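Dear colleague,

Please find the structure below, followed by a short account of what was found in it. I would be grateful if you could read the two side by side.

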Amino acid sequence: MTIRFGLYGNNGGHQIHRELNLHPDAKVAAVAAMDREWLMKEQQQDTEIRYYDTLEDMIADDRVEVISLCSPRREAQADEAILCMSKGKHVYAEKPCAMSEADLDRILGKMHETGCQFREMAGTGLQQPYLAMRRLIQSGGIGDVIQVFAQKSYPYHEGRPQDEAIDGGLIGQNGIHAVRFVEHVACTAIQNIFAIETKTGNPCSDGDLHMAASMMMELENGGVAVIVANYLNPLGFGSWGNEHLRIFGSKGFMESVDGGSRTRLVIGNDDLGPIDTSEPEVSHLDSFISSLLGRAVMPISLEDELHCTRMVIRAKQAAREYRLTRQRRV
């Protein structure tokens, strides 16, 4: 059996056309809001792919079973996911899948109402070296997690939207990776979250793009965490993402720094050096396809997957409230 996908948009650059090229269990059946010539250059030259102008037109295609959403405007994506499920289509959505808790709850409600499957593109913790770190936490390798430091830094470029409604904004589309470091790698749920963000450094003097954000968290187990997220990674760094993750436990410490290029594990008096990352990465998309075919269960539960989204929504709300409080004081 082959799962047939409809692809809508490519906002954020995370559309799944490349992963579906020559996939043994899935294929692209239709696309909408995507350039045909560009798609063909991306090695999707299947003559059976149908091209539509709108999401509604593509949903009407009976061949399409799953819609992959990288919506042109992220603020509309929750409504579009609900529309897809109301028409009997499973949904695989770019992050953030929703920009308010009310919309997130509406998505979950429609999923339970229709029986359609919904997933956000949430494979951060399944990639190396983070998968190896996740395994160490799960095995109790460094004991109880006490404190986590996570950093997610991307370069600024002129294509970054000044309007957060387009891509979800710094906290929603960048910071969510660091939130996943805390919850999916350190395997410790966030209980409370606070954030401050700044537009300082935005090359557009009247732009609304936030350039940096700091988040502070109380963890469910009583531990604490901090996150640094920004668009300040200089190209001279040598990789697109400048990620750091340090997890301090009751028995030891581990880290991944410089975009995942260096790792270290220290237990008690023993510096064990680099972490073993030889285990193959787990494809979140392949897992989703296998789950639709009834062959496997997802490696991360839907509740754990979307809790990160809920936390970045709350972080953004906390940043707004702090900004308004400061303005009233002035």
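**The sheet and its helices**

Strand β8 pairs with strand β9 (residues 212–219) in the antiparallel sense, over eight bridges. Two strands are said to pair if DSSP finds at least two bridges between them, and the elements themselves are DSSP runs numbered from the N terminus: helices are H or I with at least four residues, strands are E with at least two. Please note that this is a predicted model, in which local features need pLDDT of at least 70 and side-chain atom pairs count only at pLDDT 80 or more, while totals for chains, interfaces and linings use all residues. Residues are numbered from 1 along each chain as its sequence is written, and side-chain values use heavy atoms, with hydrogens and water left out.

Within the pairing of these strands, alanine 213 in β9 is the bridge partner of glutamate 197. Helix α8 packs on the sheet and touches β7, β8, β9, β10 (224–230) and β11; contact means heavy atoms within 4.5 Å. The direction of α8 makes about 150° with that of β10, where axes are lines fitted to C-alpha atoms, for helices over the stretch in contact, and angles run from 0 to 180 degrees between N-to-C directions.

The open sheet has eight strands in the order β8-β9-β10-β7-β11-β12-β13-β14, with mixed pairing. β8 (190–198) and β14 (270–273) stand at the edges with a single partner strand each, so one side of each has no neighbour in the sheet.

**Glutamate 183**

Glutamate 183 is placed in helix α8 (residues 169–185). Is this residue buried or exposed? Glutamate 183 is buried, that is, under 20% relative accessible area, whereas exposed means over 50% and partly exposed lies in between (1.4 Å probe, protein chains only). Glutamate 183 has no salt bridge, a term for a side-chain nitrogen of Lys or Arg within 4 Å of a carboxyl oxygen of Asp or Glu. The side chain of glutamate 183 does have a polar atom 2.6 Å from the backbone nitrogen of isoleucine 190.

**Two loop residues**

Leucine 22 lies in the loop between α1 (17–20) and β2 (26–32). Its phi is near 65°, a positive value in a residue other than glycine, and leucine 22 is exposed, with a relative accessible area of 79%. Cysteine 187, in the loop between α8 and β8, also has a positive phi, near 55°; cysteine 187 is partly exposed, at 33%.

With kind regards

Conventions:
Lys and Arg count as positive and Asp and Glu as negative; His and the chain ends are not counted. A polar contact is a pair of N or O atoms within 3.5 Å; within protein, one must be able to donate a hydrogen and the other to accept it, and residues adjacent in sequence count only if both atoms are side-chain atoms.
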